[in-house]
Amino acid sequence: IEDYLKGVVPSEMPIGKNEKNLEALKAFAICARTYSLMKLNMNQTEFDLFVDVRDQVYGGSDKEMSLSNRAVDETRGTVLFFDDEPAVTFYHSTCGGETENSNNVFTQKETHYLSGIIDGDPSYCSISPRYKWKETYERKLFLERFINAGIITGNKCELENVEVKSRFKSGRVNELEITVVEDENIQKKYSVFGNNIRTIIRTSDNKSILFSTNFEIMLDGNQIIIHGKGYGHGV
């Protein structure tokens, strides 16, 4: 697991200049080790961890760097516990100003030490390039994402409206409603919820899931424009 973590830490977190990020890298190494242990304890039959954002990005030995290796070595075997069990250590890139309650994103029972909080004023993560972002889609492309996901089942339809129906306290979208007009002018509404929104909409270039669910969305002629904040699930 220590060798594995040496390919995870530099893939998930910036190394920084010189040694200024060492203590942060050590803290992250403990989080990543704890997460790994949690997954190992699930005793899955075929494999334990995905090598991408579904679990932790693993870059292999080619990704290793001396400072991140040192962070792993200096925390060797150190795991975060809560009530005599390995803690749940979800993490993300950029919260966009406020973190999210774990039970609003994941199906596990509510974990009170993973409750949403304000991330400073001004926000500590405002230095991130994903603190604020914008994505633009043609109507047809936007609609295709929902058809491809099996959310919209009509053979021929046009997008009429897209609207945020509810949000969590953090501002992240809980329910997004899509209104389409199908054959014979039949209007239908479809809803998608929570973090699943990111998987369906994705970025306009289709290279990634949508950066976060903390966004405003609007129709502008033939375009759908999303102004968002943050990168990741926020927990």
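A: Val-164 has Leu-176, a residue of β5, as its bridge partner. The model is predicted: local features need pLDDT of at least 70 and side-chain atom pairs count only at pLDDT 80 or more, while totals for chains, interfaces and linings use all residues. Residues are numbered from 1 along each chain as its sequence is written, and side-chain values use heavy atoms, with hydrogens and water left out.

β5 covers residues 173-182 and is joined to β4 by nine bridges, the two strands running antiparallel. Strands here are DSSP runs of E with at least two residues, helices are runs of H or I with at least four residues, and both are numbered from the N terminus. Two strands count as paired if DSSP finds at least two bridges between them.

The sheet is open and has three strands, in the order β4-β5-β6, with antiparallel pairing. Its edge strands are β4 (157-167) and β6 (186-193), each of which pairs on one side only. On average, neighbouring strands of this sheet are turned by 20 degrees against each other, direction ignored.

Helix α4, residues 139-148, lies across β4, β5 and β6 and runs at about 70 degrees to β4. Axes are lines fitted to C-alpha atoms, for helices over the stretch in contact (heavy atoms within 4.5 Å). Angles are taken between N-to-C directions and run from 0 to 180 degrees.

Strand β3 (residues 132-138) contains Lys-134. Not counting residues up to four places away in sequence, Lys-134 touches Ile-225, Ile-226 and His-227. Phe-211 is 77 residues from Lys-134 along the chain, and their C-alpha atoms are separated by 9.8 Å.

As for the whole chain, it has five helices and eight strands. From the N terminus on, these elements run α-α-α-β-β-β-α-β-β-β-α-β-β. Of the contacts between residues at least 6 apart in sequence, 61% join residues at least 24 apart. Along the principal axes, the C-alpha atoms fill a box of roughly 65 × 45 × 35 Å.

Of the 235 residues in the chain, 43% are buried, meaning under 20% relative accessible area with a 1.4 Å probe, protein chains only. The chain exposes about 13,300 Å², of which carbon and sulfur atoms supply 48%; the areas come from the Shrake-Rupley method with a 1.4 Å probe.

Conventions
Buried < 20%, exposed > 50% of the residue type's maximum accessible area, 1.4 Å probe, protein only.
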